[in-house]
Amino acid sequence: MTSTRSLALALAGLALIAAPAAAENDVADVASLQTTFETAVAALNGGNLDGFLDTVHEEALSFYACGPTSGKQGREACAIDWNLFFNNTTGAEFRTSNEQYRVIGGTGIAYGEYALSVLYDGKERMTVHEGRYTMTYIDVDGRWQIIMQHNTPAGDDPQPVKNLRQPGR
């Protein structure tokens, strides 16, 4: 009985030693995920599409409430969507609130609420789109990359689909 008790105490001691190390890793992973997300948002707000796309996995999926490539796969589809957006707007700003971050194994999740302020070319007033976002990341060789982005408008009524493609394109 003594050896069983000693083994149990040794395992409990190891668990206590390992728990703080695991917690420190979780905190570091969440901080790294948050930094990646905030860097991507800053790139978008600065009109730096390449800076944003650097955080997007080659096979990522994008789902937006509107957008010509919503539901398509790949970094290229994401780039097309954002290029269309930037080519037809000015002064866009993506602001977030109630941000939350989670890391589960090699998967990271950033979610919260957003307000996208934008002046569509040819219109004289700023439009603000509000809703919720979820960005799912995977850890690829120590770098967080978006594999799924999903934006949903706030409110009960769906937002009208807006085709940002210019006629003749």
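Reader: How many aromatic pairs are there in this protein?

Author: The count comes to 4 aromatic pairs. Rings of Phe, Tyr and Trp (its six-membered ring) pair if their centres lie within 6.5 Å; planes under 30 degrees apart are stacked, over 60 edge-to-face, and the rest tilted. Bear in mind that this is a predicted model, where local features need pLDDT of at least 70 and side-chain atom pairs count only at pLDDT 80 or more, while totals for chains, interfaces and linings use all residues. Residues are numbered from 1 along each chain as its sequence is written, and side-chain values use heavy atoms, leaving out hydrogens and water.

Reader: How is a pair of aromatic rings described?

Author: By the distance of the centres and the angle of the planes. Take phenylalanine 37 and tyrosine 101: with 6.0 Å centre to centre and 65 degrees between the planes, they are edge-to-face. Phenylalanine 37 belongs to helix H1 and tyrosine 101 to strand E2 (residues 89-104), so the pair ties together parts 64 residues apart in sequence. Helices (H or I, at least four residues) and strands (E, at least two) are DSSP runs, numbered from the N terminus.

Reader: Why is the pair of phenylalanine 94 and tyrosine 114 stacked?

Author: Their ring centres are 5.5 Å apart and their planes at 20 degrees, so the pair is stacked. Phenylalanine 94 and tyrosine 114 are also buried.

Reader: Which residues form one aromatic cluster?

Author: Phe37, Phe94, Tyr101, Tyr114 and Tyr133 do.

Definitions and conventions. Buried < 20%, exposed > 50% of the residue type's maximum accessible area, 1.4 Å probe, protein only.
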